[in-house]
Amino acid sequence: MNRSQKWGVGIGVALAVLASAWLAISWWLPSDEELAVRLTTEAEERLGVKVSIGAVHWALLPTPVITVSDFRTQQEKPVVVGKLSVYPNLSKLLQRTLVLKRVEVEDATIPRNSVYALHVEHVKHVKHDTVPQFSGEGVPLEHLTVRNVTWISYSGIATTYDGEIDFDPHWRPSHVALRRPGAAPPFVLTLAREGEQDRWQTRIAVGGGTAHGELALKTAEDGAMQLSGRLAPLDIEVASAVSTFNRRSPVSGSGSGQTVVSASGKSLGDLTRSLHTQTRFTVSSAILLRFDLDKAISTFGKEHGGQTPLQELTGQLDTQNGAEGMRLTGTDIRARAGKFTATGKGTVYHGQIEASANVDIIEGAIGVPVTLSGSVHKPKVSVPTGFLAGAAIGTVVLPVIGTAIGARIGGAIGKLFKGDAQNPVPEKKSSLQK
């Protein structure tokens, strides 16, 4: 047999193998319409809600791919995926094992409340002769890409992301990149795994500054996971960083500090829902936005629109994810603004704020309590009645300082007549009670 004949036989064998592969895959894969029905049924069984799929298409050339268009759940606020492209590993597929080389998600809207309302379950009845088995070993998914994916928070705030994840075996990400498209300054988060250890170098660029550090994951024998880590926020413009995620900051200025990260659970969802951060911070060149402290004190809380430049702002901020969104808690907050100093604490949850502060004049010698409550966009500012009465008297005697002294006396008188919550004023007994 000459060389040309050998090449002819080789090509013939190759074509026969390709033809056999094509017939095998064509035998397993139904038509586009049949596959759409099959995927719809399986998705409904897994998610516990009705779903609709606009179209499904599969192809072997030039690369094996299954494309799902216009997927949506039948909910008040549906989970929508404009385009989902799945690229299986062809050789594994012929062995009836599903290993995904790449998954691409484009133009998706994912309301957090709708996702939590799903009842995700494993399929109880799977026809193993028609569906390839998902591999639990090796790398079941090698690469995930997301483009224009919008997450809607518990309170309805939408943020859009682009990103990529490369996976090692056992779903360990080897590299992660997450971005907020169009954000200025840019927001970029990257994770890089340290060899085969469950440790990741973390790099974050946000608000013109950085928050670099590392994360570590420990897994117990029963599958329970514990995430821990530390970040070092540095020179982050606070208002800009918060606006990156479509939220409004109460202050502006350059923030730096130290952040401790922790979470626990038996799944990625558990880790996300339990994520807790604790940050000790200092903000330089700070400005209290949408609140004029001088005006609030001088009008006894009736007017407070404006801004307050701060010479000093420090404190601790905790964030805690939960079943109903994130809770923000500020403690040991200390601020200095001109002739005033203030200490306070507060909580923001579900768009509502509950905060209290003690505003002092002359380095803490004279103090006026102030409370904020209601919507974070338009909080109600109040000062106790006794302080208001005393302040009015003090204003007549001596402006500014007299007001503050009068407020302190007024507060004391108010407690005397109304009774302190912890030490109520005893009632006098009548002659009949003696």
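## Q316 and its surroundings

Leaving aside residues up to four places away in sequence, Q316 touches Q278, T279, R280, F281, T329, G330, T331 and I333, where contact means heavy atoms within 4.5 Å. The structure is a predicted model, in which local features need pLDDT of at least 70 and side-chain atom pairs count only at pLDDT 80 or more, whereas totals for chains, interfaces and linings use all residues. Residues are numbered from 1 along each chain as its sequence is written, and side-chain values use heavy atoms, with hydrogens and water left out.

Q316 belongs to strand β18, residues 312–322; strands (E, at least two residues) and helices (H or I, at least four) are DSSP runs numbered from the N terminus. With a relative accessible area of 16%, Q316 is buried, given that buried means under 20%, exposed over 50% and partly exposed in between, for a 1.4 Å probe and protein chains only. The side chain of Q316 also makes a polar contact, at 3.1 Å, with the side chain of D318. A polar contact here is a pair of N or O atoms within 3.5 Å; within protein, one must be able to donate a hydrogen and the other to accept it, and residues adjacent in sequence count only if both atoms are side-chain atoms.

Strand β18 pairs with strand β19 (residues 325–337) in the antiparallel sense over 10 bridges, pairing being assigned if DSSP finds at least two bridges between two strands. These two strands form a hairpin with 2 residues between them, and G322 stands opposite G325 in β19.

L328 has V348 in β20 as its bridge partner. Another hairpin is formed by β19 and β20, with 2 residues between the strands and with G338 in the turn at a positive phi of about 60 degrees.

## Strand β13 and its two partners

Strand β13 (residues 225–234) has a covered face made of M225, L227, G229, L231 and P233, and an uncovered face made of Q226, S228, R230, A232 and L234. β13 pairs with strand β12 (residues 209–219) in the antiparallel sense over 10 bridges, and in this pairing L215 stands opposite G229. The hairpin of β12 and β13 has 5 residues between the strands, and G223 takes a positive phi near 95 degrees there.

β13 also pairs with strand β15 (residues 251–265), again in the antiparallel sense, over 7 bridges. S228 stands opposite S262 in β15.

## Aromatic pairs

There are 2 aromatic pairs in the model, counted where rings of Phe, Tyr and Trp (its six-membered ring) have centres within 6.5 Å, with planes under 30 degrees apart called stacked, over 60 edge-to-face and the rest tilted. The rings of F167 and W171 have centres 5.5 Å apart and planes at 80 degrees, so this pair is edge-to-face. F167 is buried at 14% relative accessible area, whereas W171, at 44%, counts as partly exposed.

F187 and F245 form an edge-to-face pair, with 5.1 Å from centre to centre and 75 degrees between the planes. This pair links distant parts of the chain, with F187 in the loop between β9 (172–179) and β10 (188–193) and F245 in the loop between α5 (238–243) and β15, 58 residues apart. F187 counts as buried at 7% relative accessibility, while F245 counts as partly exposed at 22%.

## Nonpolar cores

The largest nonpolar core has 24 residues, of which L47, V51, V56, F71, V103 and V105 touch the most other members. Such a core is a set of buried Ala, Val, Leu, Ile, Met, Phe, Trp, Tyr and Cys residues joined through side-chain atoms within 4.5 Å. At least two residues of this core come from each of α2 (32–47), β1 (51–59), β2 (65–73), β3 (80–88), β5 (100–111) and β7 (143–152). Beyond four places in sequence, V103 touches L84, S85, V86, L141, H143, L144 and T145. A second, separate core of 19 residues includes L217, L231, I236 and A263.

## The loop at V49

V49 is found in the loop between α2 and β1, and at 18% relative accessibility V49 counts as buried. V49 touches E44, T73 and L118, not counting residues up to four places away in sequence. V49 and Q74 are 25 residues apart in sequence, yet their C-alpha atoms are 6.6 Å apart in space.
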